[in-house]
Amino acid sequence: MFNPYLTKQVEIKKIWRETEAVKRFMVEFKSINDQKYFKFIPGQIIELSLPGYNEAPFAICSSALSTNNFQVTIRKAGRLTGAIHNLKIGDVFGIRGPYGNGFPMDKIKSRNSLIIAGGIGFIPFRSLLMTIGDDKINYSKHLQIFYGAKYESDLLFKSEYARWKKIFDFYITLDQGQRKKILGGMVCDIGLITKLIQKVHVNPDSIAIICGPPVMCQFVINELKKINFKDKDIYLSLERKMECGVGVCEHCAVGSKFVCKDGPIFRWSELKDIKGAV
């Protein structure tokens with residue numbers, strides 16, 4: 001039986017440095033049973049804790065079909081994340097979860113989809129892309145990816161680009177820099193991510209899923225509306241607002257909703273009339 005308050009121990013098995021400030025960790029539960037029964041949906045969140053450093057929410061970024069381990073990608077930004085970055089292979093930390101509703105997987109199976117990610121907002125989408133890559137039969141619809149970052153040095157998961165380019169319609173844009181090839185043979189556009197919406201043909205029957213800085217999300221929604229996306233077909237991640245994971249602390253309240261319990265993935269039709277939702 002799932003206990004949302006129970007913290008379980010995981011051990012670090014592998015570490016990758018994604019950027020100067022971002023590391024990716026592969027972990028396994030110390031208990032074989034805990035690992036066996038750990039299930040999640042791409043887009044869901046776990047709470048990660050270290051004694052003396054409190055806890056914070058992070059998105060799982062590995063395939064939901066993996067049963068031997070899972071991965072989290074963490075940007076160094078404070079005491080807890082700094083302490084996590086100092087951990088080594090074999091070290092242990094606590095997790096509880098997963099929490100939230102995850103991405104609309106049934107819709108992604110049945111309709112063309114457009115992913116729009118800005119900065120570290122790309123982290124939860126890695127789980128979605130890895131899951132689809134492991135299950136191409138059930139996820140056979142066309143998927144487009146628009147990914148924006150400030151600099152090339154900020155781009156995450158570069159080692160995956162060659163694979164994703166073969167499976168998905170994948171585009172990258174940088175706020176600053178010069179047009180050039182990057183790892184995986186991809187060519188970056190230069191400019192805000194909204195330019196990709198204006199430039200690249202988007203399948204008219206697609207759903208759109210957005211995760212990134214609030215300002216980016218608002219401008220992206222405006223552009224999607226210009227090409228006749230319906231409010232119910234635009235999904236938005238509010239994972240940045242999550243706190244305790246179980247809706248008790250009420251820090252994640254958005255109008256009458258709690259991001260921990262009702263999200264973090266919402267239809268825009270649920271949020272558009274709530275002041276300060278984005």
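## Strands and the sheet

Two strands pair if DSSP finds at least two bridges between them; helices (H or I, at least four residues) and strands (E, at least two) are DSSP runs, numbered from the N terminus. This is a predicted model, in which local features need pLDDT of at least 70 and side-chain atom pairs count only at pLDDT 80 or more, while totals for chains, interfaces and linings use all residues. Residues are numbered from 1 along each chain as its sequence is written, and side-chain values use heavy atoms, with hydrogens and water left out.

With that in hand, let's look at the sheet. Strand 7 (residues 113-118) runs parallel to strand 11 (residues 207-211), and five bridges join the pair. Across this pairing, Ile115 faces Ile209 of strand 11.

## Pocket and cavity

Grid points are joined across faces, edges and corners, and a volume is the space filled by probe spheres set on the points.

The largest pocket holds about 1100 Å³ of space. Strand 4 (55-59), strand 5 (70-75), helix 2 (79-85), helix 4 (123-134), strand 8 (143-149) and helix 7 (214-226) each give two or more residues to its lining. The lining has 42 residues, and those nearest the pocket centre are Arg75, Gly118, Gly119, Ile120 and Gly121. By class, 25 of the lining residues are nonpolar, 10 polar and seven charged (Ala, Val, Leu, Ile, Met, Phe, Trp, Tyr, Cys and Pro count as nonpolar, Asp, Glu, Lys and Arg as charged, and the others, Gly among them, as polar).

One cavity of 30 Å³ or more turns up in the whole structure. The largest cavity has about 50 Å³ of space, and its lining includes Phe38, Phe40, Ala64 and Asn69.

## Ser127 and the cysteines

Ser127 sits in helix 4 and is buried at 0% relative accessibility (buried means under 20% relative accessible area, exposed over 50%, partly exposed in between, with a 1.4 Å probe and protein chains only). Leaving out residues up to four places away in sequence, Ser127 touches Phe40, Pro42, Ile60, Cys61, Ser62, Ser63 and Ala64 (contact means heavy atoms within 4.5 Å).

The whole structure has zero disulfides, a disulfide being a pair of cysteine sulfur atoms within 2.5 Å. For Cys61, the nearest cysteine sulfur is that of Cys211, 13 Å away; Cys61 is buried, at 0% relative accessible area. For Cys244, the nearest cysteine sulfur is that of Cys249, 3.8 Å away.

## Backbone details worth a look

Two cis peptide bonds are worth checking. One runs from Gly97 to Pro98, with omega near 15°, and Pro98 belongs to strand 6 (residues 92-99). Another runs from Gly263 to Pro264, with omega near 10°; Pro264 is in the loop between helix 8 (259-262) and strand 15.

Phe157 has phi near 60° and is buried, with a relative accessible area of 0%. Asn228 has phi near 75°, but is exposed at 68% relative accessibility.

Conventions. On a 1 Å grid over the protein atoms alone, a cavity is a set of points where a 1.4 Å probe fits but cannot get out, and a pocket is an open set with protein on both sides within 12 Å along at least five of seven lines; lining residues have an atom within 4 Å of a point.
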